[in-house]
Structures are given as structure tokens and as C-alpha cells.
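This briefing covers the fold, the strand pairing and a few selected residues. Please look over the sequence and the model first.

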Amino acid sequence: MPVNRKIQILRISLLIVMLLLMACGPATAPSTTTPTTFTASFGLAGTPGDGGWNLAHYRGIKTIKKLGEVLEENDHSFLVKIDDPNYPDLKGILLRVNIITDIGYSGADIERRFESIIQIQKPDILFATYWDSKDAAVKMAQKYPDLLVE
């Protein structure tokens with residue numbers, strides 16, 4: 001993966017982490033003809049309907065929409081064109097956000113689900129949003145060195 005793309009992914013991931021933290025308690029300008037697209041996938045143990053941590057994560061993830069214009073949206077994913085004046089160097093970048101629910105609490109199940117997410121969604125960054133997913137996240141980071149795992 002080119003160094004410049006890694007830097008852009010890191011900047012977006014830091015921005016996402018900042019937004020999540022707010023909700024819960026050097027890049028180059030993209031081409032005007034073909035915007036750069038990044039994909040962030042979030043794994044939740046359960047569903048937002050639990051009224052607990054999964055709901056808090058879900059609400060935080062949804063605040064990403066405030067970064068710009070939402071171009072596509074369905075139940076658990078959306079595409080936003082970044083246009084936040086606080087991040088002028090990211091203007092025009094497309095960020096696809098996927099929220100995967102009910103990943104579970106078993107290490108083997110979590111690892112299997114992460115592997116599936118990586119193969120199907122091909123994210124640039126994978127967020128393991130809960131403690132039980134840390135071992136599977138470490139395995140994915142080791143197996144896929146170009147993937148940022150948080």
C-alpha cells in the first residue's frame with residue numbers, strides 16, 4: 001500500500017476515533033474526476049437495540065455523517081463525501097462506513113466474522129469496538145499488515 005494512502009487512512013481513522021469519543025462521553029487533495037474512497041468497518045458485539053455500549057458506539061458512528069454530504073445510506077452502512085471546513089485537506093474524499101452487528105463474544109466467532117468482513121468489504125480500517133474482540137483484532141492486524149485495525 002502506498003505511503004500516501006496509509007497516511008490518508010490514518011488521518012480518517014483518527015478523525016473517526018475523535019468523533020466516536022465525542023459521541024461516547026499529510027494528505028493530498030483528491031482528484032476532481034475520481035475521488036479517493038476509504039472504507040471503515042465497525043464490528044459491534046450485539047445490536048444498537050441493547051441500549052448499552054452497542055447503542056453508544058452506533059450513535060457515535062452515525063455522527064460521521066456530519067462530516068459532509070451523505071450520498072448513499074441503508075440500514076447499517078453509508079457513504080459520505082467529506083466537506084467539513086475543519087478538515088480541508090480531506091475535502092472531497094469519500095468515506096464508506098459499514099456497521100456489522102451481532103459479531104458475538106466468542107474469540108473464534110469474532111475472528112471468523114472479521115475475516116469475512118475483510119474479504120467481502122475490503123476495509124481500509126477495521127474497528128473492533130469491544131474488549132472481547134481484541135485477540136481477533138490482533139490476529140487480523142498480523143495477517144493483513146496493510147489493514148489498519150483499531
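How many bridges join strand β3 to strand β4, and do the two run parallel or antiparallel? Strands β3 (residues 77-82) and β4 (residues 94-100) run antiparallel and are joined by five bridges. The model is a predicted one, and the values below are computed from it.

**Overall make-up**
- The protein contains four helices and six strands.
- Along the sequence these elements follow the pattern α-β-α-β-β-β-α-β-α-β.
- Of the 150 residues in the protein, 47% are buried.

- The six strands form an open sheet with mixed pairing, in the order β2-β3-β4-β1-β5-β6.
- The edges are taken by β2 (68-74) and β6 (148-149); each has a single partner strand, so one side of each is left without a neighbour in the sheet.
- Within the pairing of β3 and β4, K81 stands opposite L94 in β4.

**T39 in strand β1**
- T39 belongs to strand β1, which spans residues 37-43.
- The relative accessibility of T39 is 11%; buried means under 20%, so T39 counts as buried.
- Leaving out residues up to four places away in sequence, T39 touches R96, N98, Q121, K122, P123, D124 and I125.

**Helix α2**
- Helix α2 covers residues 53-62, and seven of its ten residues are buried, so the helix is largely enclosed by the rest of the structure.
- The buried residues of α2 are N54, L55, H57, Y58, G60, I61 and K62.

**E115 in helix α3**
- E115 is placed in helix α3, which spans residues 107-121.
- At 19% relative accessibility, E115 falls under the 20% cut-off and therefore counts as buried.
- Apart from neighbours within four places in sequence, E115 is in contact with M140, K143 and Y144.

How values were computed:
Residues are numbered from 1 along each chain as its sequence is written. This is a predicted model: local features need pLDDT of at least 70, side-chain atom pairs count only at pLDDT 80 or more; totals for chains, interfaces and linings use all residues. Side-chain values use heavy atoms; hydrogens and water are left out. Two strands pair if DSSP finds at least two bridges between them. Buried means under 20% relative accessible area, exposed over 50%, partly exposed in between (1.4 Å probe, protein chains only). Contact means heavy atoms within 4.5 Å.
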